[in-house]
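Biologist: Hi, I'm new to this one. Could you walk me through it?
Modeller: Happy to, let's open it up together.

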Amino acid sequence: MSAALPILYSFRRCPYAMRGRMALKVAGIHLEHRETLLRDKPPSMLEASPKGTVPVVVLPDGAVIEESLDVMRWALSQQDPQNWLSPGSTMFDLIAENDGPFKHHLDRYKYPNRYDDVDAIAHRTAGRSFLETLDQRLSEQAQLFGDTISLADIAIFPFIRQFANHDRDWFDAQDLPNLQTWLAGHLESALFADIMVKHELWVDPAGPSGD
Ligand SMILES: N[C@@H](CCC(=O)N[C@@H](CS)C(=O)NCC(=O)O)C(=O)O
C-alpha cells in the first residue's frame, strides 16, 4: 500500500500558487497535484480551507496549510537543499512590501475596471518604485539577499512577472537593468519551467464540478 501524499490545490497562473509550487518542488516533496479553477472551486478544497484561495496544502494527518508563505516555509522545513531560508527573517519585510503595497498597485494597474475611480498609470508609477528598490538591491548582488537564490526571490518574482507582462514594451523600456536580468533568469529557469507544466483539471469526486 502506498503512503498517503500531501495534496496541493493549485491554479497554474496564480503567483501565490507559483511560489508555493516552486518551494514544494525544490524541497522534493511528493504530492498529489489537484488543478482547480478559481470560478469553480472543488468542494473538498473549500471544506479543508473555507477561505477559498490557492494554494492550499492538506497533509496526510489532516493539517491544512492555506497561506502561500506558510506552504513555502513548511516545504523548506522538510528539506532546504539550496538554503533558501538562510537569509532568515529579514526577508519577510521585503516580501510584505511585495504582498501589500506592490500587489495593491499591481491589481489596479492590471484591472482598473474592477475598482472605482482608478488611474492605472498612477498605479503603474507607484508600483515602479518597488521595482526601483529591487533594481537597486540587485545592482550589488545577483539575487535579492545575496548571490544565491533565497525564498524572497521565489516569493517575489511571480508578481514582478505579472507586472512586467501587463505591458512588456513599457517594462522593457525602463531603466531597470538589474531587475530585468534577474527576472529573465528566473523565467528561464528549469524550476519555473517545471512548475508551469500543465495539469488536467482535477474533478472532485465529492461533488459537482463544471457548469
Ligand atoms: N494570502 C494568500 C493569497 C492567495 C490568493 O489570493 N490566491 C488567489 C489566486 S492568485 C485566489 O485564490 N483567489 C480566490 C479567487 O479568485 O476566488 C496566499 O498567500 O496564499
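**A walk through the chain**

Modeller: Let's start at Pro55, which lies in the loop between α2 (43-48) and β3. Helices (H or I, at least four residues) and strands (E, at least two) are DSSP runs, numbered from the N terminus. Before we go on, this is a predicted model: local features need pLDDT of at least 70, side-chain atom pairs count only at pLDDT 80 or more, and totals for chains, interfaces and linings use all residues. Residues are numbered from 1 along each chain as its sequence is written.

Biologist: Thanks! What kind of peptide bond joins Val54 and Pro55?
Modeller: The bond is cis, with omega at about 5 degrees. Most residues other than glycine have a negative phi, and most peptide bonds are trans.

Biologist: And which residues surround the ligand?
Modeller: The shell consists of Phe11, Cys14, Pro15, Tyr16, Leu38, Gly52, Thr53, Val54, Pro55, Glu67 and Ser68. A residue is near a molecule if its C-beta atom, placed from the backbone, lies within 6 Å of it.

Biologist: How many of the shell residues are nonpolar, polar and charged?
Modeller: Seven are nonpolar, three polar and one charged. Here Ala, Val, Leu, Ile, Met, Phe, Trp, Tyr, Cys and Pro count as nonpolar, Asp, Glu, Lys and Arg as charged, and the others, Gly among them, as polar.

Biologist: Let's zoom out. How many helices and strands are there in the chain?
Modeller: The chain has nine helices and four strands. Along the sequence they follow the pattern β-α-β-α-β-β-α-α-α-α-α-α-α. The chain is as compact as a globular protein of its length, because its radius of gyration is 18 Å, close to the 17 Å that the globule rule gives for 211 residues. That radius is taken over C-alpha atoms, and the rule is 2.2 Å times the number of residues to the power 0.38.

Biologist: What does the C-alpha trace span along its principal axes?
Modeller: About 55 × 45 × 25 Å. Buried residues make up 32% of the 211 residues. A residue is buried if 20 or more other C-beta atoms lie within 10 Å of its own, exposed if 12 or fewer, and partly exposed in between, with C-beta atoms placed from the backbone.

Biologist: Now the strands. In what order do they form the sheet?
Modeller: The four strands form an open sheet in the order β2-β1-β3-β4, with mixed pairing. Its edge strands are β2 (32-35) and β4 (64-65), each pairing on one side only. Two strands pair if DSSP finds at least two bridges between them.

Biologist: How do β1 and β2 pair?
Modeller: Strand β1 (residues 7-10) and β2 run in the parallel sense, over four bridges. Ile7 stands opposite Glu32 in β2, and Tyr9 stands opposite Arg34 in β2.

Biologist: Which way do the residues of β1 point?
Modeller: Ile7 and Tyr9 point one way, Leu8 and Ser10 the other way, and all are buried.

Biologist: Changing topic: what domains is the chain divided into?
Modeller: There is domain 1 (7-83) and domain 2 (88-192). Such bounds come from an automatic or database domain assignment. The C-alpha centres of domain 1 and domain 2 lie 22 Å apart. Their contact takes eleven residues from domain 1 and nine residues from domain 2. Two residues are in contact if their C-beta atoms, placed from the backbone, lie within 7 Å.

Biologist: Which helix gives the most to the side of domain 1 that touches domain 2?
Modeller: That is α1, with seven residues. On that side of domain 1, the residues divide into eight nonpolar, one polar and two charged.

Biologist: And α3, which of its residues are buried?
Modeller: Ser68, Val71, Met72, Trp74, Ala75 and Leu76. The buried residues of α3 pack against α1, β3 (56-58), β4 and α6 (151-166).
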